[in-house]
Amino acid sequence: MPQPIRVLFVCLGNHCRSPSAHAVATHVARQRGTEHITFDSASTGRDHVGDLPHPLASHEGGLRGYHVSHVGRQIHPDDFARCDLIIAMDRDNASDLERLRGGEESRRGIYSSVEPVQIQLLRRWDPFAMPGDEELADPWGRPPSAYAEMFDVIERSIPPLIEHLEWLVSESP
């Protein structure tokens, strides 16, 4: 049995985007029968630690068949060692993660040999993303349609991400 891949989705508050990506990824992986990938989500900030996801994120997710219920938490230094891939929702999140990591590569898993970049943007796997359009817009404070747009992007990005993760497993030592 392959060693599990640990993936962490991160946004500013762990309140809208990252728990939604977490829920979609968990659902899609389960549908595909992928058992060797685990998902989690966290924030770079502290504002929503201990909170359930934004009600509009939970509602839109529910309409699409996802259970968006992650309790918000802030990223911990151990996450950088524990997680094989950390997926940021936008460039500010990625910059914050690099700063919090301190520029040190600390991954302990075997997948660093086949996936050399730990912190990446979710829309890397969005087939509709264009250069300069790699950010997932934060819907917080915007109307319900912004949450629908957020889920549209997440749903396009997650299946190619999971295919990539399955490839990593097949290529690992």
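## Salt-bridge tour

Start by selecting D40, R73, D79 and R82, which are linked in a network of salt bridges. A salt bridge here is a side-chain nitrogen of Lys or Arg within 4 Å of a carboxyl oxygen of Asp or Glu. By this rule the model holds 21 salt bridges.

The model is predicted, so local features need pLDDT of at least 70 and side-chain atom pairs count only at pLDDT 80 or more, while totals for chains, interfaces and linings use all residues. Residues are numbered from 1 along each chain as its sequence is written, and side-chain values use heavy atoms, with hydrogens and water left out.

Next, select D90 and R17, whose side chains form a salt bridge at 2.9 Å, N to O. D90 sits in the loop between strand 3 (85-88) and helix 4 (91-101), and R17 is in helix 1 (residues 17-32), so the pair ties together parts 73 residues apart in sequence. Helices (H or I, at least four residues) and strands (E, at least two) are DSSP runs, numbered from the N terminus. Both D90 and R17 are buried. Buried means under 20% relative accessible area, exposed over 50%, and partly exposed in between (1.4 Å probe, protein chains only).

Move to R64 and E60, where the salt bridge is 2.7 Å, N to O. R64 is partly exposed at 24% relative accessible area, whereas E60 is buried at 13%.

Finish with R124 and E115, joined by a salt bridge at 3.8 Å, N to O. R124 is partly exposed, with a relative accessible area of 43%; E115 is buried, at 6%.
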